[in-house]
Amino acid sequence: MAAATPSSKRPAPTDSSSLKPVKKTHWSQGLLASINDPNLIVESDDRIVIIKDKYPKARHHFLVIPKINIPNLKSLKREQSELLRYMEDQSKVLATKYPQNEFKYGYHAIPSMSQLHLHMISQDFDSPCLKTKRHWNSFNTRYFLDSSEVIRCLEERGMVVTMTPIAGEKLLDMPLKCHKCIYSPQNMPKLKQHLYKHLNN
Ligand code: AMP
Ligand code: ZN
């Protein structure tokens, strides 16, 4: 029997498609792996990939991701507003497949994941992955920057103005409030129960 190779001398495991060594990456780089995951890809062309959000916060939650490297909103250049428009337009084309659903299109002011991604999210917020106040407030306060506002800002100012981390934390910590009525629940279980009243199923 051959002696086992000491782990320090073993070659790095390879990805069978490219035979490049598989490197361990930080979780914040996860979208870069997901844009190649056939189970998550919904649409793809030469400019963008639309994937399902791996932890959807509503019945229909997609991420629209440019193929060129754009780490975040701050790294956008004025001339890239046309790409943002294209991302929004393509997500609205996808929305036509879900005619019973209302969607919002926007960016988190302070994203957790690297590589620019536009959230396209149905307004039912009916999902087991929607658990915390931070989740809710990230889509239902000014923390969620509407795509059209981001594009307007980029065109007018040549850059996207977001917010400081402190301002972002304040928004995520705001009291819960229903997005459809004046109800202000004390906690997430109460809000989730209340949201069923607004579902048209
Ligand atoms: P944010 O960076 O805050 O704008 O949001 C990142 C989004 O990516 C969240 O809605 C997560 O549920 C989602 N997400 C996290 N990891 C992955 C992944 N590996 N693949 C797809 N979606 C992911
Ligand atoms: Zn309500």
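Colleague: Let's start with H5. Which residues are buried in that helix?
Modeller: Gly168, Leu171 and Leu172 are the buried ones in H5, which runs over residues 165–172. Keep in mind that this is a predicted model.

Colleague: And how do those buried residues sit around the axis of H5?
Modeller: Looking down the axis, the buried residues of H5 fall within an arc of 100°, so they line one face of the helix.

Colleague: What does that buried side pack against?
Modeller: Helix H3, residues 133–140, is what the buried residues of H5 pack against.

Colleague: Switching to the ligand. Which residues come nearest to ligand 1?
Modeller: There are 16 residues around ligand 1, and Ser34, Asp53, Ser112, His117 and His119 come nearest.

Colleague: What about the backbone, say at Ser112 and Met113?
Modeller: Both have a polar backbone atom to mention. For Ser112, an oxygen atom of ligand 1 is 2.8 Å from it. For Met113, the distance from a ligand 1 oxygen to a polar backbone atom is 2.9 Å.

Colleague: How much of ligand 1 does the protein bury?
Modeller: The protein buries 89% of the 500 Å² that ligand 1 exposes when taken alone.

Colleague: New topic, cysteines. How many disulfides are in the whole structure?
Modeller: Zero, going by a search of the whole structure.

Colleague: Then Cys153 and Cys181: buried or partly exposed?
Modeller: Cys153 has a relative accessible area of 15%, so it counts as buried. Cys181 comes out at 26%, so that cysteine is partly exposed. The cut-off for buried is under 20%.

Colleague: Let's zoom out. How many helices and strands are there?
Modeller: Six helices and six strands. Along the sequence they follow the pattern α-β-β-β-α-β-β-α-β-α-α-α.

Colleague: What share of the residues is buried?
Modeller: Of the protein's 201 residues, 38% count as buried. The accessible surface is about 12,500 Å², and carbon and sulfur atoms hold 55% of that.

Colleague: Last one: what share of the contacts comes from residues 24 or more positions apart?
Modeller: Among contacts in the protein with a separation of 6 or more, such residues account for 60%.

Terms used. Residues numbered from 1 in each chain as written. Chains lettered and ligands numbered in written order. Predicted model: local features only at pLDDT ≥ 70, side-chain atom pairs only at ≥ 80, totals over all residues. Heavy atoms only, no water. Buried < 20%, exposed > 50% of the residue type's maximum accessible area, 1.4 Å probe, protein only. Helix = DSSP H or I, 4+ residues; strand = E, 2+ residues; numbered from the N terminus. Arc of directions from axis to C-beta. Contact = heavy atoms within 4.5 Å. Near = heavy atom within 4 Å. Polar contact = N/O pair within 3.5 Å; in protein donor to acceptor, adjacent residues only side chain to side chain. Areas by Shrake-Rupley, 256 points an atom, 1.4 Å probe, with all protein chains shown as cover. Disulfide = S-S within 2.5 Å.
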